[in-house]
Amino acid sequence: QCREKSGTSNCNTHSGEGNGRHMCAVSIRRKRKRDHLFVFFFRMAHDADAPSVPNPLITSVYLQRVISASFGGSCVVLLVTPFDVVKARLQGQKKRALNDVPGSRLNGMTDAFLKIRQKEGLSSLWRGLRPGLIMQLPGSALYFPIYEVVREMVLEREPSQFWVAPVVAGLVSRTITVTAVSPLELIRTNLQANEVADASIHGNNIASSFVNIVKRHGWKQLWGGLMPTLLRDVPFSSVYWSGFEYSKIKLKSFYKKEELSRS
């Protein structure tokens with residue numbers, strides 16, 4: 001016989017005392033689990049029509065943010081990829097032997113645009129476009145929910161520290177997102193920095209570049225350059241979200257005053 005009274009258990013068994021106590025404890029744990037599940041589903045059914053705080057992971061608002069951010073980011077990548085290619089070539093030309101081919105040196109942005117187009121074709125200005133586009137969806141899908149969750153956690157623990165919440169949430173969300181997409185970022189930079197003629201050495205697509213980097217440098221190299229990227233993006237993200245939350249509060253206050261004055 002196994003009973004539970006006021007948080008304590010009393011067990012009377014016909015077989016050994018130790019085994020009986022163990023079986024009694026297991027029975028009590030199972031009963032508690034069933035009770036918790038019952039309460040959980042009862043609350044779900046009871047609060048189905050009641051207003052509740054939306055979960056950023058499942059609401060349509062979250063999907064709208066992910067889709068809009070992915071679409072906007074894809075448009076930006078499509079427009080700025082030629083500038084990224086030129087920047088990568090200008091930064092990487094010091095590592096190559098420039099006197100092998102006469103006139104191979106790139107003298108500024110305009111000269112780089114013209115020489116890349118003449119030597120490799122217009123499409124070469126969009127090298128690395130695919131990994132740049134692929135990065136947008138997982139980056140947005142991670143970034144926004146992590147920001148919302150961390151922000152709510154900080155506000156629950158320290159409601160008075162409102163300005164700390166966006167700083168911490170922006171820092172954490174950007175750090176996780178940048179770390180997750182860092183291999184794709186490296187592959188994109190690798191494709192942009194090398195000419196089409198060197199594709200057999202450095203890779204001409206995502207798969208061949210990935211295999212080439214792992215074979216030549218190991219798995220850790222996929223996260224090469226992570227620290228400079230974090231030092232660039234994380235402070236920006238914290239400042240950005242702080243400004244966003246501040247502006248949102250000011251605009252809400254302004255429109256509320258406008259409505260009160262009209263009424």
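**Ring pairs and salt bridges between helices**

Let me begin with a cluster in which ring pairs link Tyr143, Phe144, Tyr147, Phe236, Tyr240, Trp241 and Phe244, where rings of Phe, Tyr and Trp (for Trp the six-membered ring) pair if their centres lie within 6.5 Å, and where planes under 30 degrees apart count as stacked, over 60 as edge-to-face and the rest as tilted. Please keep in mind that this is a predicted model, in which local features need pLDDT of at least 70 and side-chain atom pairs count only at pLDDT 80 or more, while totals for chains, interfaces and linings use all residues. Residues are numbered from 1 along each chain as its sequence is written, and side-chain values use heavy atoms, with hydrogens and water left out.

First, the chain as a whole. The secondary structure of the protein chain comes to eight helices and two strands, these being DSSP runs numbered from the N terminus, with helices (H or I) of at least four residues and strands (E) of at least two. Along the sequence the pattern reads β-β-α-α-α-α-α-α-α-α. Of the 263 residues, 32% count as buried; buried means under 20% relative accessible area, exposed means over 50%, and partly exposed lies in between, with a 1.4 Å probe and protein chains only. The protein chain exposes about 18100 Å², and carbon and sulfur atoms supply 62% of that area, as computed by the Shrake-Rupley method with a 1.4 Å probe, where for residues only the protein chains shown count as cover. If we take the contacts with a separation of 6 or more, residues 24 or more positions apart account for 66% of them, a contact being heavy atoms within 4.5 Å.

Now back to the rings. The structure holds 12 aromatic pairs. How are the rings of Tyr147 and Trp241 arranged? Their centres are 3.9 Å apart and their planes stand at 20 degrees, so this pair is stacked. Because Tyr147 lies in helix α4 (residues 129-157) and Trp241 in helix α8 (residues 226-262), the pair ties together parts that are 94 residues apart in sequence. Tyr147 and Trp241 are both buried. Trp241 also pairs with Tyr240, and here the centres are 5.2 Å apart with the planes at 75 degrees, so this second pair is edge-to-face. Tyr240 is partly exposed, with a relative accessible area of 42%, whereas Trp241 is buried, at 5%.

Tyr143, another member of the cluster, has a charge over its ring, since Arg174 lies over its face at 4.3 Å from the ring centre; the criterion is NZ of Lys or CZ of Arg within 6 Å of the ring centre and within 35 degrees of the ring normal. Not counting residues up to four places away in sequence, Tyr143 touches Ser173, Arg174, Thr177, Ser237 and Trp241.

Which residues make up the largest nonpolar core? That core has 10 residues, namely Tyr143, Phe144, Ile146, Tyr147, Val150, Val154, Leu155, Ala165, Ala169 and Trp241, and a nonpolar core here is a set of buried Ala, Val, Leu, Ile, Met, Phe, Trp, Tyr and Cys residues joined through side-chain atoms within 4.5 Å. The elements that give two or more residues to this core are α4 and α5 (164-193), and α4 gives the most, with seven residues.

Let me turn to charges. A search of the whole structure finds seven salt bridges, each being a side-chain nitrogen of Lys or Arg within 4 Å of a carboxyl oxygen of Asp or Glu. One of them joins Glu245 to Arg151, with the closest N and O atoms 3.3 Å apart. This pair links distant parts of the chain, with Glu245 in helix α8 and Arg151 in helix α4, 94 residues apart, and both residues are buried. Glu245 forms a salt bridge with Lys248 as well, again with the closest N and O atoms 3.3 Å apart, and these two residues both lie in helix α8, three residues apart, about one turn of the helix. Glu245 counts as buried at 2% relative accessibility, while Lys248 is partly exposed, at 30%. Arg151, Glu152, Glu245 and Lys248 are linked in a network of salt bridges.

Finally, in helix α5, Arg188 and Glu185 lie three residues apart, about one turn of the helix, and form a salt bridge with the closest N and O atoms 2.8 Å apart. Arg188 counts as buried at 13% relative accessibility, and Glu185 as partly exposed at 22%.
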